[in-house]
4 protein chains.
Amino acid sequence: MTGPKTAGGYSRIQTQKRAAIFAAALEIFARHGLRGASLEAIAAEADMSKQNLLYYFDGKEAIFVELIQQLTDLWLEPLAQIDPAGEPVAEVLAYVQRKLVMSQNHPRESRLFATEILQGVPHIKHLYEGPMKAMVDRTVALLQTWMDAGQIRAVDPHDLLFSIWANTQHYADFSAQINLIKPMTREERYANAERFLTDMYRALLVVQD
Amino acid sequence: MTGPKTAGGYSRIQTQKRAAIFAAALEIFARHGLRGASLEAIAAEADMSKQNLLYYFDGKEAIFVELIQQLTDLWLEPLAQIDPAGEPVAEVLAYVQRKLVMSQNHPRESRLFATEILQGVPHIKHLYEGPMKAMVDRTVALLQTWMDAGQIRAVDPHDLLFSIWANTQHYADFSAQINLIKPMTREERYANAERFLTDMYRALLVVQD
Amino acid sequence: MTGPKTAGGYSRIQTQKRAAIFAAALEIFARHGLRGASLEAIAAEADMSKQNLLYYFDGKEAIFVELIQQLTDLWLEPLAQIDPAGEPVAEVLAYVQRKLVMSQNHPRESRLFATEILQGVPHIKHLYEGPMKAMVDRTVALLQTWMDAGQIRAVDPHDLLFSIWANTQHYADFSAQINLIKPMTREERYANAERFLTDMYRALLVVQD
Amino acid sequence: MTGPKTAGGYSRIQTQKRAAIFAAALEIFARHGLRGASLEAIAAEADMSKQNLLYYFDGKEAIFVELIQQLTDLWLEPLAQIDPAGEPVAEVLAYVQRKLVMSQNHPRESRLFATEILQGVPHIKHLYEGPMKAMVDRTVALLQTWMDAGQIRAVDPHDLLFSIWANTQHYADFSAQINLIKPMTREERYANAERFLTDMYRALLVVQD
DNA sequence: CATGAATGAGGATTCATTCAT
DNA sequence: TATGAATGAATCCTCATTCAT
């Protein structure tokens with residue numbers, strides 16, 4: 001037995017260790033990327049030996065893949081919460097805000113995700129063809145309905161989504177740049193951002209008579 | 001060291017070879033990142049031997065740094081072209097468009113830049129403290145003037161810039177994601193994007209009476 | 001150590017498990033050699049955990065040694081059945097046939113044995129100095145008696161034995177080569193071989209007037 | 001460039017180093033098998049660093065495969081020298097003798113080859129389907145002709161070849177066993193063997209009126 | 001200018017084995 | 001009797017880089 005990979009469920013200690021490894025891996029991967037990260041570094045961060053780490057995972061890439069798959073859920077959550085029955089403009093603005101909060105609270109997760117996409121999504125293509133696409137399609141259809149009903153301005157719904165992703169994630173993914181250009185506390189930064197993005201998307205979406 | 005690094009200028013053949021190496025390095029770095037790229041791969045792409053490559057550059061990192069420094073100019077160019085004497089809204093929209101064209105024509109450069117920022121700008125901090133900051137400050141000041149004069153809507157000028165960067169670069173940097181979610185020809189993609197972004201920033205910036 | 005190695009005899013369950021391990025080990029060792037085989041593989045083949053396996057044996061080498069010691073008996077059996085009172089040529093030919101049947105029915109055992117000898121008999125030297133040598137010496141003496149009496153042709157009795165071993169075991173040990181050169185069902189193969197070897201050794205041994 | 005593997009030909013130093021590596025690898029592989037051998041050991045035997053060794057070869061298995069391919073030629077040589085126009089019995093006996101000399105002079109090569117076959121010929125199947133099969137087929141046809149003409153006794157020609165291989169190689173491959181059973185100088189051993197095998201195959205092949 | 005040769009440092013895995021339960 | 005957890009020792013291999021020519 002090389003490890004607990006065979007079992008269907010995980011014991012308490014397994015769950016704990018795996019969580020510790022995920023946390024460490026997130027830290028290291030977000031900082032150095034998949035290739036740049038070393039098992040040694042992850043193991044050190046997780047306060048265990050490299051071999052013990054390999055007892056729980058099949059290898060570096062396996063950790064990466066499992067980790068990034070988990071992030072997908074995190075990423076989709078704010079989207080899932082859009083209420084079709086809500087007030088359209090408010091719903092979109094609330095989504096923007098949720099995404100922004102996510103960036104604020106999970107910047108490393110966001111950067112890890114960004115790295116994967118920048119490299120061409122080599123590890124999670126299947127997620128895009130499955131759950132991700134389904135959720136996006138649902139949302140696009142909803143936005144289209146609202147546009148057709150004249151409840152929000154008619155623009156390309158895909159581009160609208162892309163824009164929201166770009167804007168909200170930017171504050172996490174490119175924070176190094178932002179901090180060099182305009183140093184600021186994180187709280188101020190995100191308060192500002194929320195104000196700005198709310199203004200922008202309200203201006204865009206509210207239908208003028 | 002017998003290499004050309006001692007001289008003040010470069011001979012014709014040196015310039016040629018360096019250009020070939022830069023082109024190859026851009027290709028490889030954009031695809032695999034700094035750590036993921038191997039000298040071997042760059043050398044192969046540039047059609048020369050690894051050692052010959054090292055005759056022209058001090059090492060992998062040296063290539064990367066010189067390369068990314070060059071990109072800064074490219075990146076700043078659209079910003080430099082904003083005309084303080086022009087019509088404010090039109091000037092900003094033209095800037096958006098120039099950035100978008102840049103993304104369309106230089107996606108690898110954009111991704112390389114994004115990688116560097118994602119990793120925390122470890123190699124070009126000095127550029128941000130120098131030319132980059134100067135240009136950004138100038139632009140922010142100009143935007144502020146226009147806002148104070150009521151010529152464009154008053155928002156945080158930094159956030160406005162961040163938003164433009166995020167939106168325009170997103171189509172290059174995250175194209176893998178975009179293509180998975182909504183496959184499209186590049187031309188259509190960017191035509192759509194231009195329409196959307198123009199709509200959005202006009203809605204944002206035009207001052208309502 | 002809580003294992004069963006302390007006791008003088010083995011309980012029923014111990015005997016069963018040990019047999020299962022021997023069977024699995026034979027399979028794996030014959031396929032990959034001592035070094036090439038992994039405890040993991042043997043454990044999987046025996047349908048138990050690596051640790052449980054180590055509860056019954058002191059280690060990989062211990063399994064190997066015990067296993068190969070058992071094979072010695074198998075290997076010597078045909079030799080022991082030579083009847084000093086029998087008709088000499090017939091006795092030798094019958095021995096050839098028994099060895100051939102052994103090869104046919106126990107090819108993995110034969111290969112395992114061959115591997116050990118090829119590596120220089122690192123694990124069972126003592127057997128050669130003990131029971132094996134005794135049995136061989138007995139047989140050589142018997143053959144010499146028959147030769148002295150003119151009942152079989154006078155050749156070097158050791159070389160005769162070596163030849164019989166080489167010829168009969170060849171069909172098991174080098175079956176991969178044989179099958180590549182001349183594919184055939186196992187039954188045909190051994191029927192052919194028996195005919196050929198009988199012809200050869202009869203031609204060799206029968207004394208011409 | 002990771003090494004000289006790309007070129008069509010080899011420079012002097014390359015040829016020398018490769019030869020040294022082959023010699024060392026033969027020694028180590030013959031003693032420990034493919035899995036049991038370590039690059040470290042081969043490098044030490046060849047008096048060079050592990051990395052230098054890897055500069056010349058792609059890896060352990062690559063060395064093994066190239067080495068064993070070379071052995072094939074050695075192995076086939078005695079077979080190629082059988083003269084279709086010669087006296088049949090003498091030709092076969094001369095072949096037996098050549099194979100025996102080969103075993104005497106190249107025991108490690110013989111053992112290495114034996115190891116590969118014992119493991120099921122995992123690395124040189126293609127050789128069997130190509131040059132090896134051709135040469136064997138040619139010889140079998142020749143033997144059959146001689147048998148049909150009544151010049152040697154009619155037996156299965158394949159079995160005859162297998163027998164010659166088994167007998168001659170046995171003295172190299174299983175020398176450890178032989179030496180334990182009957183210690184002897186190498187010269188005596190092979191002189192004995194030659195006498196015995198000549199007797200046996202002459203007895204087998206000479207046609208009785 | 002160019003390249004063949006060589007190497008040191010690092011990094012991922014494998015695997016037998018120990019230990020506690 | 002059985003197994004989950006952990007580890008030390010090897011071992012293969014990659015890769016940037018140096019050196020000599």
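Start where chain C meets chain D: across this interface, 10 residue pairs are in polar contact, both residues at pLDDT 80 or more. A polar contact is a pair of N or O atoms within 3.5 Å; within protein, one must be able to donate a hydrogen and the other to accept it, and residues adjacent in sequence count only if both atoms are side-chain atoms.

Before going on, note that this is a predicted model, where local features need pLDDT of at least 70, side-chain atom pairs count only at pLDDT 80 or more, and totals for chains, interfaces and linings use all residues. Residues are numbered from 1 along each chain as its sequence is written, chains are lettered from A and ligands numbered from 1 in the order in which they are written, and side-chain values use heavy atoms, with hydrogens and water left out.

**Stop 1**

Helices (H or I, at least four residues) are DSSP runs, numbered from the N terminus.

Show both chains. The contact (heavy atoms within 4.5 Å) takes 49 residues from chain C and 49 residues from chain D. Together they bury about 4,600 Å², 67% of it on carbon and sulfur atoms. Buried area is the accessible area (1.4 Å probe) that two parts lose on being put together, summed over both.

Which residue forms a salt bridge with Lys182(D)? Select Asp156(C): its closest N and O atoms with Lys182(D) are 4.0 Å apart. A salt bridge is a side-chain nitrogen of Lys or Arg within 4 Å of a carboxyl oxygen of Asp or Glu. The count between chain C and chain D is one.

**Stop 2: Met200(D)**

Go to helix α10 (residues 186-205) of chain D and pick Met200(D). Met200(D) is buried, with a relative accessible area of 0%. Buried means under 20% relative accessible area, exposed over 50%, partly exposed in between (1.4 Å probe, protein chains only). Leaving aside neighbours within four places in sequence, Met200(D) contacts Ser163(C), Met200(C), Tyr201(C), Leu204(C) and Asn167(D).

**Stop 3: the cores**

Move to chains A and B. The largest nonpolar core has 142 residues; Phe29(A), Leu160(A), Tyr201(A), Phe29(B), Leu160(B) and Tyr201(B) have the most contacts inside it. Such a core is a set of buried Ala, Val, Leu, Ile, Met, Phe, Trp, Tyr and Cys residues joined through side-chain atoms within 4.5 Å. A second, separate core of 141 residues includes Leu161(C), Tyr171(C), Ile42(D) and Met135(D).

**Stop 4**

Find Thr139(A) in helix α7 (residues 125-148) of chain A. Thr139(A) is buried at 2% relative accessible area. Beyond four places in sequence, Thr139(A) contacts Leu79(A), Ile82(A) and Leu161(A).

Next, select Ala37(C), in the loop between α1 and α2 (39-45) of chain C. Ala37(C) is buried too, at 3% relative accessibility.

Notes: Helices (H or I, at least four residues) and strands (E, at least two) are DSSP runs, numbered from the N terminus.
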